[in-house]
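Welcome! Here are some exercises to work through with the sequence and the 3D view side by side. Try each task yourself before you read the solution.

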Amino acid sequence: MSTSPYTFYQQILDRNSFRLVEILSEKKQSAVFVVTEKDSSVRRILKVNKLFPRKLRRETDFIQSGSSQPLKVLHLPDVLASGENWVLMERLNLVNYTRDTILEKNWSDQ
């Protein structure tokens, strides 16, 4: 993160008592962080969009509507909290396949 202690992102972290664990992506107008909440070691995903909060709201609405559906293959995180420019989501344990590792998986006909 920026060396300034009062960046836009830092203000959101401080206001919500989030502890920064890892920066997954940080750009001028948006960022994705792994955070924990105060008095918890459970890792969560914090997404921030300071210039286009409506874009983040659309994404949040999509995730919330999709997570209420009985999906078998697609796993969507639970939205835990949100604000004007940020959303806190469950951190899913996903397997990241590459072009090479996907070939090594023992796939069924299903």
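A residue is called buried when its relative accessible area is under 20%, exposed when it is over 50%, and partly exposed in between (1.4 Å probe, protein chains only). This is a predicted model, in which local features need pLDDT of at least 70 and side-chain atom pairs count only at pLDDT 80 or more, while totals for chains, interfaces and linings use all residues. Residues are numbered from 1 along each chain as its sequence is written, and side-chain values use heavy atoms, with hydrogens and water left out.

**Exercise 1. Get your bearings: how many helices and strands does the chain have, and in what order do they run?**

Step 1. Helices (H or I, at least four residues) and strands (E, at least two) are DSSP runs, numbered from the N terminus.

Step 2. Counting them gives 3 helices and 5 strands. Starting at the N terminus, the order is α-β-β-β-α-β-β-α.

Step 3. Along the principal axes, the C-alpha atoms fill a box of roughly 55 × 30 × 30 Å. The chain has 110 residues, of which 25% count as buried.

**Exercise 2. Find the aromatic cluster and describe its ring pairs.**

Step 1. Rings of Phe, Tyr and Trp (its six-membered ring) pair if their centres lie within 6.5 Å; planes under 30 degrees apart are stacked, over 60 edge-to-face, and the rest tilted.

Step 2. Searching the whole structure turns up 3 aromatic pairs. In one of them, the centres of the Phe8 and Tyr9 rings are 6.1 Å apart and the planes stand at 75°, so this pair is edge-to-face.

Step 3. Next, look at Tyr9 and Phe33: with centres 5.6 Å apart and planes at 75°, this pair is edge-to-face. Tyr9 belongs to helix H1 (residues 8–15) and Phe33 to strand E2 (residues 30–37), so the pair ties together parts that are 24 residues apart in sequence.

Step 4. Put together, Phe8, Tyr9 and Phe33 form one aromatic cluster. Tyr9 and Phe33 are both buried, and Phe8 is partly exposed at a relative accessible area of 26%.

**Exercise 3. Which lysine lies over the face of Tyr9?**

Step 1. A charge sits over a ring if NZ of Lys or CZ of Arg is within 6 Å of the ring centre and within 35 degrees of the ring normal.

Step 2. Lys50 lies over the face of Tyr9, 5.3 Å from the ring centre.

Step 3. Elsewhere, Lys105 lies over the face of Trp107, at 5.1 Å from the ring centre.

**Exercise 4. Which residues make up the largest nonpolar core?**

Step 1. A nonpolar core is a set of buried Ala, Val, Leu, Ile, Met, Phe, Trp, Tyr and Cys residues joined through side-chain atoms within 4.5 Å.

Step 2. The largest one has 11 residues: Tyr9, Ile12, Leu13, Phe18, Ala31, Phe33, Val35, Leu46, Val48, Trp86 and Leu88. At least two of its residues come from each of H1, E2, strand E3 (43–49) and strand E5 (86–90).

Step 3. There is also a second, separate core of 8 residues, among them Val34, Ile63, Leu76 and Val79.
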